[in-house]
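Have the structure open as you read.

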Amino acid sequence: GAVGPQEVPRLGLVENAFASLNAMVRAWQASGIHVWAEEDCTLFLQPGQVRYLIGAGSPDAVAVSSQCVGTVLAAAGAGAQVSVAAVGGIAAGWQVGIWLDGGGVFWTGVAAVAGGGLTLASALPSAASEGARVVAYPAPMVRPLRVPAARRLQFASCGGPASETPLVPMSRLDYANVPNKTVPGVVPQFFYDPQLGAGVLHVWPAPAESGSAVAFTAQRPLTPFADLGAVPDFPDEWLAAMRWNLAAELWPEYNGSGAAAGNPAQYVLLKQEAAGKLMMAQAWDRDCLLYTSDAADEGLGV
């Protein structure tokens, strides 16, 4: 229907609303409410490589595990054109890795998808035979705040089952004291350093082949609101607290203040309800954190 002049947002109002939402989320994080989100991720290991960058623009292949699509080559790959057994939702702009015959995984982008064929952003540097493993994902993982747990994923070969083995975390000092960090072998330990623009995950010893990956739990920052279509990156238990606190924040702007305020008693009730919803969100998160802490104290490794 028609929109009256009084209903048209003032210049910058929507942008200010997004800025307020993001500021509120970050303020709540600073006060100890649900400081991070946790996701299961996969880092694909390369033979001989011990240092992997995790973050936007990183050349290393780290993805949210649930977003990965795995398939195989339907025919031997050549140049920038390859055929896969199942496209499985792979789209232009995705990252794709192809296991080469000579060892190692070649990573590039998907320029186009047609039928069961992929056009690669860069041509294959060497042969990849029919049946070679292919993995694709839409976007790299953001830099984790912490990597509390990891396991080595050994891919299935020759019809056998895949296997997973827990990895032992190393401290910065433990990793620094390793005398030969590039000796080849089967990876049993890892060290994660979050203190750079891109986090760095170190494995030891160096992977001897390309048939394995590190599956790990990543604690990442919450994603801020970007536009009107953004999905809230926090639990549903936060929604009521956010709605009521935003209402309390906006009341003076739209209802006046002081003696000119419309229905001051209602404003008092609004602020009380906003404070109560915020306390509920704090209690919910602190109960979860307390449970996690107690479980860890009991050696459950949660």
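## Cysteines

There are 0 disulfides in this structure, which is a predicted model. Take Cys-41: no disulfide there, and the nearest cysteine sulfur belongs to Cys-68, 8.9 Å away. A disulfide needs the two sulfur atoms within 2.5 Å. Looked at from the other end, Cys-68 is in no disulfide either, with the sulfur of Cys-41 as its nearest, 8.9 Å away.

How exposed are these two? Cys-41 is buried, at a relative accessible area of 1%, while Cys-68 is partly exposed, at 23%.

## Aromatic pairs

Searching the whole structure turns up 7 aromatic pairs. One of them is Trp-99 with Trp-107: ring centres 6.5 Å apart and planes at 65°, so this pair counts as edge-to-face. Both tryptophans, Trp-99 and Trp-107, are buried.

Tyr-175 and Phe-191 are both buried.

## Charges over rings

Which side chains lie over the faces of Trp-99 and Tyr-175? For Trp-99 it's Arg-133, at 5.4 Å from the ring centre. So Trp-99 has Arg-133 over its face as well as an edge-to-face partner in Trp-107.

For Tyr-175 it's Lys-181, at 5.2 Å from the ring centre.

## A five-stranded sheet

Now for the strands. Here's an open sheet of 5 strands, in the order E3-E1-E17-E10-E11, with antiparallel pairing. At the edges stand E3 (62-64) and E11 (163-166); each has a single partner strand, so one side of each is left without a neighbour in the sheet. Ignoring direction, neighbouring strands here are turned by 30° against each other on average.

Zoom in on E10 (residues 146-154) and E17 (residues 212-220): the two run antiparallel and are joined by 7 bridges.

Notes: Residues numbered from 1 in each chain as written. Predicted model: local features only at pLDDT ≥ 70, side-chain atom pairs only at ≥ 80, totals over all residues. Heavy atoms only, no water. Buried < 20%, exposed > 50% of the residue type's maximum accessible area, 1.4 Å probe, protein only. Phe/Tyr/Trp six-rings, centres within 6.5 Å; stacked < 30°, edge-to-face > 60°. Lys NZ or Arg CZ within 6 Å of the ring centre and 35° of its normal. Pairing = 2+ DSSP bridges. Helix = DSSP H or I, 4+ residues; strand = E, 2+ residues; numbered from the N terminus. Axes fitted to C-alpha atoms, helices over the stretch in contact; angles between N-to-C directions.
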